[in-house]
Amino acid sequence: LDSVSGTDQDRLLFNYKIDLFKAGNSDLSRQEEILLANVKRTVKVFEDITGDAPEVEMWGDDHCLTALDELQMKEGHALAFGFKREVEGRIKSDLCRLVMLYNTGGYYFDTDVAPLAALQRVLDPRATFVTVRAQRDGFFQAFVATTPKHPVIKLSLMKFKTWYDKYWTPGQDKNKLRDETGHGQIGCALLERSFADWSASGQKPDTLLVHQGGHVSQFFDEWQFVSRGPDIFPKEKKLFSAFSDSLCDWGVFDSRTDTLVMISRVYDTYIRGPCPQSRFLRLHLP
């Protein structure tokens with residue numbers, strides 16, 4: 001059984017409502033310029049680590065819709081229908097990353113997540129499924145890495161179809177259903193449920209799990225940090241402040257080595273500008 005990092009060439013996956021690489025700079029908002037700069041930086045991080053240019057895929061909504069409609073699963077057409085009618089961009093992104101990972105496997109990153117070089121050093125070479133345990137409900141699936149056709153991703157696609165079936169049932173309180181499903185974080189909640197069902201474990205996933213059949217799952221942790229000069233340190237959990245205080249001081253840590261492997265966000269939608277920590281990342285902004 002191949003692992004995520006066991007392929008000859010890394011494959012990096014991104015999605016957004018448009019293909020940021022193909023859009024002209026004059027057509028991008030300031031936020032989109034920052035996101036594009038961050039995606040380019042992510043590609044460079046992997047290239048610097050391996051010495052080889054990774055394979056990169058950036059899908060816009062049109063590409064995602066086509067891929068769902070052509071998905072080699074009986075749920076494909078229904079998922080495409082749900083995607084086309086979906087009004088929330090984050091839910092569209094949830095579905096899109098699933099079909100990307102199911103088709104080819106690879107490393108999926110949200111466009112505002114900034115991986116660090118340490119990520120590759122702490123990835124278990126056997127891992128076939130890697131993501132982040134959120135501080136709140138579900139998984140922090142802004143980063144997911146899997147092998148192609150991974151059973152958790154397949155099951156999550158199936159659960160999405162079931163969720164949409166319920167959502168479109170006449171008389172269904174749609175707002176209530178969204179809130180009841182991961183407080184609106186639909187993809188995070190369904191991915192966690194899929195993993196629990198597949199692994200037949202009701203317990204919160206450990207940092208490393210070895211499953212029957214050769215699969216290995218690895219989990220990092222969403223964690224709040226504090227900046228001191230050019231350095232970043234994890235906070236004690238009892239000192240965590242609310243997410244509403246800032247979106248910028250959260251990262252992803254490998255609990256086994258106490259290593260920061262990602263900055264969760266490079267753009268703060270509250271202040272509508274780059275996060276202060278992004279200055280450490282050397283983003284080349286226009």
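What is the torsion about the S-S bond of Cys 64 and Cys 96, and is the disulfide left-handed or right-handed? The torsion comes to about -65°, so this disulfide is left-handed. A word on ground rules: this is a predicted model, where local features need pLDDT of at least 70 and side-chain atom pairs count only at pLDDT 80 or more, while totals for chains, interfaces and linings use all residues. Residues are numbered from 1 along each chain as its sequence is written, and side-chain values use heavy atoms, with hydrogens and water left out.

**View 1. The disulfide between Cys 64 and Cys 96.** The two sulfur atoms are 1.9 Å apart; the cut-off for a disulfide is a pair of cysteine sulfur atoms within 2.5 Å. By that rule the count is one disulfide. Cys 64 lies in helix H2 (residues 61-69) and Cys 96 in helix H4 (residues 89-104), so the pair ties together parts that are 32 residues apart in sequence. Helices here are DSSP runs of H or I with at least four residues, strands are runs of E with at least two, and both are numbered from the N terminus. Cys 64 counts as buried at 1% relative accessibility, and Cys 96 is buried with a relative accessible area of 1% (buried is under 20% relative accessible area, exposed over 50%, partly exposed in between; 1.4 Å probe, protein chains only).

**View 2. Strand S1 and its partners S2 and S3.** Four of the five residues of S1 (residues 11-15) are buried, so the rest of the structure largely encloses this strand. S1 runs parallel to S2 (residues 55-59) over five bridges, with Asn 15 opposite Trp 59. S1 also pairs in the parallel sense with S3 (residues 106-109), over two bridges, and there Leu 12 stands opposite Tyr 107. Pairing takes at least two DSSP bridges between the strands.

**View 3. Trp 163 against Tyr 164.** A search of the whole structure turns up 15 aromatic pairs. Trp 163 and Tyr 164 form an edge-to-face pair, 5.3 Å centre to centre with 70° between the planes. Rings of Phe, Tyr and Trp (its six-membered ring) pair if their centres lie within 6.5 Å; planes under 30 degrees apart are stacked, over 60 edge-to-face and the rest tilted. Both Trp 163 and Tyr 164 are buried.

**View 4. Charged ends over rings: Arg 85 and Lys 149.** The charged end of Arg 85 sits over the ring of Trp 168, 3.7 Å from its centre. For Lys 149 the ring is that of Tyr 102, with 5.1 Å to the centre. The test: NZ of Lys or CZ of Arg within 6 Å of the ring centre and within 35 degrees of the ring normal.
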